[in-house]
Amino acid sequence: MHAKIQDVSDKKIKCSSPGCIKSKDGTMLMEKKEILNRWSGYVEDPFKDDRCKKPTVEKNTEGPSILKEKVKDLLMESYGANVKDCPNSMDCLSLHPIAMGSALTDSLNKRYFWFWALYNVPFNLLHPTDFGVLLQASGVDPAGWTVEQVWYGGQMFDSLGDIAQQYATGTLNKTKMTKPVYSDDLFSTLHRRGDPLPPNPQRPPMQVEPDGKRYSVKGRKVDYQGWSFYFRLSSFQGPQLYDVQFHGNRIAYELGLSEIAVYYSGISPFTQASDYIDSGVLSGLGTKALVPGGDCPETATLISYFVLNQHGPGVGKYDAAFCLFEHNNGYPLRRHLYYYKPDGFYSGMLDSVLTLRAALTVGNYDYIIDFIFHQNGALETRLMSTGYILGNMYKDVERLYGFQIEESLMGNLHHHMFHLKADLDVLGTSNRYETLNIERIDTHLSWNKSHPYTQSKFTSSLKQTEMEALYHFDFEHPKDHIVFNNAVRNRWGGQRAFRIHLSGMSKSLIPEDLSNEKAISWARNQIAVTKRKEEEFCSSSNYGIFDTLDPVVDFSTFYADDESIVDEDLVFWLTLGLHHIPHTEDLPVTPTAGNHLTAFILPYNYFPECPSMGSRDTVYIDYKDKADPTKGVKVERYGNSKEQCVIPRSDLEEKLEDNPDQVLESRRTLPTI
């Protein structure tokens with residue numbers, strides 16, 4: 001697929017090896033050997049072990065023995081559970097790891113984790129305790145790892161021995177929690193509960209394809225109503241599109257997710273340290289299973305994907321990593337009604353679109369990513385967040401950071417941030433970026449010059465350099481953002497452009513370069529525009545969650561050289577986000593309603609008229625005889641039938657009986673990641 005894309009592309013490869021990065025002194029590395037050495041050094045140095053005889057590292061599924069030895073009585077008295085020697089897994093406390101960014105430890109050569117004790121019932125992050133340990137975990141030998149601090153009951157202790165001594169002498173202020181008992185009605189489960197609606201079983205509306213599918217999939221290429229594109233799944237970033245064309249003209253060479261981050265706030269170290277940069281956990285591999293009737297329409301095409309298997313030889317297969325479907329959004333793409341005789345008419349067309357969907361499960365959160373293709377030439381990328389919130393034990397001192405939403409439970413304020421890469425090629429790779437600034441103008445009425453009047457005008461502002469193109473949303477200064485090839489005009493002399501429209505922007509409140517902010521420097525602006533470079537292929541790295549003090553990829557360097565972006569091959573970096581204060585209706589999981597973030601790429605003086613005018617989906621109603629409207633009206637469907645079709649039967653149960661691994665890992669001999 002990649003070779004085919006390159007063949008049809010006029011991109012020139014400037015770096016023959018994957019992942020060009022900078023050396024320690026800031027020099028761009030272009031040679032394959034130098035790049036591999038740099039990556040190897042970064043990965044290996046913190047874990048370097050020069051001993052001739054290496055220790056045997058065994059997987060520990062029961063928790064560190066030091067916890068059992070030193071604080072087992074404290075854990076049992078405080079929480080009614082321990083980390084080891086439990087009758088079954090639900091009787092044990094699980095330990096949730098929280099990676100510490102190096103900016104919080106001021107150390108590039110050590111790795112720190114908070115391990116947070118949670119009740120091991122579904123879902124454990126909604127059943128937190130107020131106990132955890134800070135582990136320094138540098139090197140490959142666990143014998144060299146050390147517990148640096150302990151958090152318990154809102155207090156910090158220097159060591160496990162310190163807290164054990166205070167417990168033994170009776171000077172410790174103790175926490176007392178009741179261990180939750182699992183049942184289908186437990187608030188954190190997803191079993192149906194409450195009064196059933198509707199009162200009697202009635203199936204929800206279904207999408208049907210009365211004349212079969214109007215799209216085709218061959219390998220990783222999709223064709224639909226004038227659209228064509230290739231797609232792939234990146235293990236690091238997630239779903240991506242390539243060579244997106246409409247009616248034979250390329251709009252985007254590449255469009256996809258570059259990074260997801262979520263930064264939490266609070267007083268407990270578990271929430272303060274929870275600054276997640278999701279490519280660090282290979283977020284793309286969270287795209288495991290989509291369920292017809294739950295995630296996608298029953299008529300959707302499920303598309304499998306193969307990934308490298310770190311647990312064994314060969315590859316792992318996800319049977320439903322993507323779903324592809326056409327549906328109508330339930331509202332018109334366009335319509336008009338002129339009601340009055342004798343010239344009345346109606347024309348309308350529902351917004352039927354093709355959607356390619358993936359859902360990334362990253363720990364507790366689920367992120368739904370849709371690429372949506374409209375018949376008017378609009379390309380929409382939509383992100384929705386759902387899944388479980390990260391809970392925390394409620395204390396009055398935490399009230400600035402969240403509400404109490406259950407017994408001993410709060411949901412902490414956090415900020416979701418998404419970064420998209422849009423390598424646009426509008427009528428070629430020689431493109432410009434211009435804003436149309438909508439401004440106030442004070443004038444007078446044309447027919448009465450003594451009467452003042454205020455209205456709006458717009459002026460064009462061509463962005464010359466990368467720094468000039470940085471965009472911060474400002475409600476006081478509305479504008480349109482357009483991309484065009486200056487050498488190609490429409491018949492009226494205007495730029496044949498595409499417009500970028502973002503809905504769902506939020507401001508990062510962390511000052512630049514403070515705390516873990518440097519690793520998400522891409523969140524400083526809602527739009528950044530850079531000259532395309534092969535080595536600047538992604539705005540983050542899978543080490544971002546650790547290397548916040550000195551990121552391997554610092555996005556601000558992409559535009560710091562302030563290169564010209566006039567008549568260049570341009571990449572648009574788009575930031576979406578939302579601040580989330582969890583509330584009771586986020587239990588058990590956050591609904592997607594109100595969480596839709598969208599980035600549109602829209603034709604703008606590009607076509608002579610709306611391309612959807614050629615669609616047979618239009619319904620046109622006119623008088624049978626304009627001279628005598630009393631004869632009634634006629635309906636034109638442009639060849640489409642009005643006959644009813646048979647609703648397809650769901651076969652989800654049968655498919656899962658044959659292959660349960662499609663949704664839940666069941667019969668595989670090895671896990672896939």
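Guide: Aspartate 243 is buried, with a relative accessible area of 5%.
Visitor: Why is aspartate 243 called buried?
Guide: Buried means under 20% relative accessible area, exposed over 50%, and partly exposed in between, using a 1.4 Å probe and protein chains only. Aspartate 243 has 5%, so it counts as buried.
Visitor: What kind of model is this, and how are its residues numbered?
Guide: This is a predicted model, in which local features need pLDDT of at least 70 and side-chain atom pairs count only at pLDDT 80 or more, while totals for chains, interfaces and linings use all residues. Residues are numbered from 1 along each chain as its sequence is written, and side-chain values use heavy atoms, with hydrogens and water left out.
Visitor: Where is aspartate 243 found, and what is its phi?
Guide: Aspartate 243 belongs to strand 9 (residues 238–246). Its phi is near 50°, a positive value in a residue other than glycine. Strands here are DSSP runs of E with at least two residues, and helices are runs of H or I with at least four, numbered from the N terminus.
Visitor: What makes glutamine 225 partly exposed?
Guide: Its relative accessibility is 32%, so glutamine 225 counts as partly exposed. Glutamine 225 also has a positive phi, about 45°, although it is not a glycine, and its place is the loop between strand 7 (221–224) and strand 8 (227–234).
Visitor: Which residues does UniProt mark as "active site"?
Guide: The unreviewed UniProt entry places that feature at Asp278 and Tyr365. They are spread over 88 residues of sequence, yet cluster in space, with a largest C-alpha distance of 10.7 Å. UniProt positions are given in the numbering used here, feature names are shortened, and annotations may be inferred rather than shown by experiment.
Visitor: Why is tyrosine 365 called buried?
Guide: Its relative accessibility is 2%, so tyrosine 365 counts as buried. Tyrosine 365 lies in strand 15 (residues 365–373).
Visitor: How do you know that tyrosine 365 and histidine 414 make a polar contact?
Guide: Their side chains are paired at 2.8 Å. A polar contact is a pair of N or O atoms within 3.5 Å; within protein, one must be able to donate a hydrogen and the other to accept it, and residues adjacent in sequence count only if both atoms are side-chain atoms.
Visitor: And what makes aspartate 278 buried?
Guide: Aspartate 278 has a relative accessible area of 5%, so the label is buried.
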